[in-house]
Amino acid sequence: MTVTAREKGLVACRECARVWPADHTHCSVCGNTIRSRDTQSLQKVWAWWIAGVLAYIPANLYPMLKTRTLFQTSEDTIIAGALELASHGSWSVAIIILIASVAIPLGKFFAIAYLALAVRSGATWPPGRQYILYEVVEYIGRWSMIDVFVVAILCSLVQLNVAASITPGIAALTFALSVIFTMLSAQSLDPRLIWDRIETKDTKDPV
Amino acid sequence: MKDVAQLDLDTLIACPKCDALYRVGVVNKGDQGRCERCHTRLFTRRRDAGLVIIATAFASTVLVIAALFLPFIEIRRLGFSNAATIVDAALAFYGGPLFALSLAVLALIIALPLARLVLTIYTLTPLVLDRKPWPGAKRAFRFSEAMRPWSMAEIFVVGCAVSLIKLTDLARVEIGPAFWMFVAVVVLMAVQNVVMCRWSVWKALDR
């Protein structure tokens, strides 16, 4: 049905969509390095994935923010901070933070792992649905950075002498690293590998 | 013989996401091409796309530069007040072990969005004027495209909104002009994204 560039003995450039004979390693149009499939894709995916998971652990154990007001100081981890907001009645913000900083990162770890395993050994999901998952992960991953920006804004803004001050905690750094590593992990996955299952007829799409 | 083969490859386009191969006929203004199996947008020819992109990129550049020096949020509490500019927010982690995070935030919300805008103008201006591309245009455009996921101005704007709600408990908050300028930039960049056709740009750069 669908003919791929590889089946025709061609290699496609992922930057400018042009195709070249299989022996080309550079695209003559845009200068990008080209290969039919990134054979090291999964290795890179898992390497960044592990780095991302490792950085995510301290991001949740250590404080993200240290808030000092006139009479009290408090150190909040991501989850504790969100729960405190919720207890003050700011449900919407608490939910945004929990989604951006907990649900999305965890969801991404699972999704990338699932896709990487699916590319290697097949999966029950048809490639079409796997690809949608890949697109969602690619699109949504960057948005986890929102919490780091919120910390940056709060810390630069709330410097009111004795009245109130907010300083960043070490978790802000490890959280940012986790987001960056996970983005790199998702980018390392060559999406064409997802579709190759159709070509090789290893799995059939359920009707 | 070689020339014939080259000519032939010229009319082919491979989906960068799933490697599906298509033959493109004559592409008229207003035509849009999508991959049949993964629905990735392969090309969009819009009327005056180049002009729209340059105009929005130019406006965004001016807005970003102006916004750098204006406050985007101001807070008051117990007679103390403080206003933060975007540069302040980016440098919130300055000093101490979080210094690296400052650089990263600076890159994500200011340097990379600005670099992408400038590079876009540099790449497209000669094309719109029907001149030869300026030197290094291909490299400029490739870099600009590679930096797309790392340019996080829109995420920063949503981060501002979240911070506003977080702060209302703690202090009186006022939104400054830079916030609205950044909102405008986000809208302009979204327009640019819709209108931009990577395939057409590479085609024009290759002439």
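A: In this predicted model, A:Ile50, A:Leu54, A:Ile57, A:Leu61, A:Tyr62 and A:Ile170 make a nonpolar surface patch of about 600 Å². Patches are built from residues with over 30% relative accessible area and no salt bridge, like charges being joined within 9 Å and nonpolar side chains (Val, Leu, Ile, Met, Phe, Trp, Tyr) within 5 Å, and accessible areas come from the Shrake-Rupley method with a 1.4 Å probe, where for residues only the protein chains shown count as cover. Helix α1 of chain A, residues 41-61, gives the most to the nonpolar patch, with 4 residues; helices here are DSSP runs of H or I with at least four residues, and strands are runs of E with at least two, numbered from the N terminus. A:Ile50 lies in this helix α1 and, at 46% relative accessibility, counts as partly exposed, a class that falls between buried (under 20% relative accessible area) and exposed (over 50%), with a 1.4 Å probe and protein chains only.

Turning to charge, the count over all chains is 16 salt bridges, each a side-chain nitrogen of Lys or Arg within 4 Å of a carboxyl oxygen of Asp or Glu. B:Asp19 and A:Arg37 meet in one of them, at 2.8 Å from N to O, and the pair crosses between chains, from the loop between β1 (12-14) and β2 (21-23) of chain B to the loop between β2 (19-21) and α1 of chain A. B:Asp19 is buried at 1% relative accessibility, and A:Arg37 is buried at 9%.

Within chain B, B:Arg198 forms a salt bridge with B:Glu145, the closest N and O atoms being 3.5 Å apart; because B:Arg198 lies in helix α8 (residues 198-206) and B:Glu145 in helix α5 (residues 137-146), the pair ties together parts that are 53 residues apart in sequence. B:Glu145 is buried, with a relative accessible area of 6%. Salt bridges that share partners also join A:Arg6, A:Arg37, A:Asp196 and B:Asp19 into one network.

As for the cysteines, the count is 0 disulfides over all chains, a disulfide being a pair of cysteine sulfur atoms within 2.5 Å. The sulfur of B:Cys18 is 3.5 Å from the closest cysteine sulfur, in B:Cys35, and therefore too far for a bond.

Residues are numbered from 1 along each chain as its sequence is written, while chains are lettered from A and ligands numbered from 1 in the order in which they are written. Because the model is predicted, local features need pLDDT of at least 70 and side-chain atom pairs count only at pLDDT 80 or more, whereas totals for chains, interfaces and linings use all residues, and side-chain values use heavy atoms, with hydrogens and water left out.
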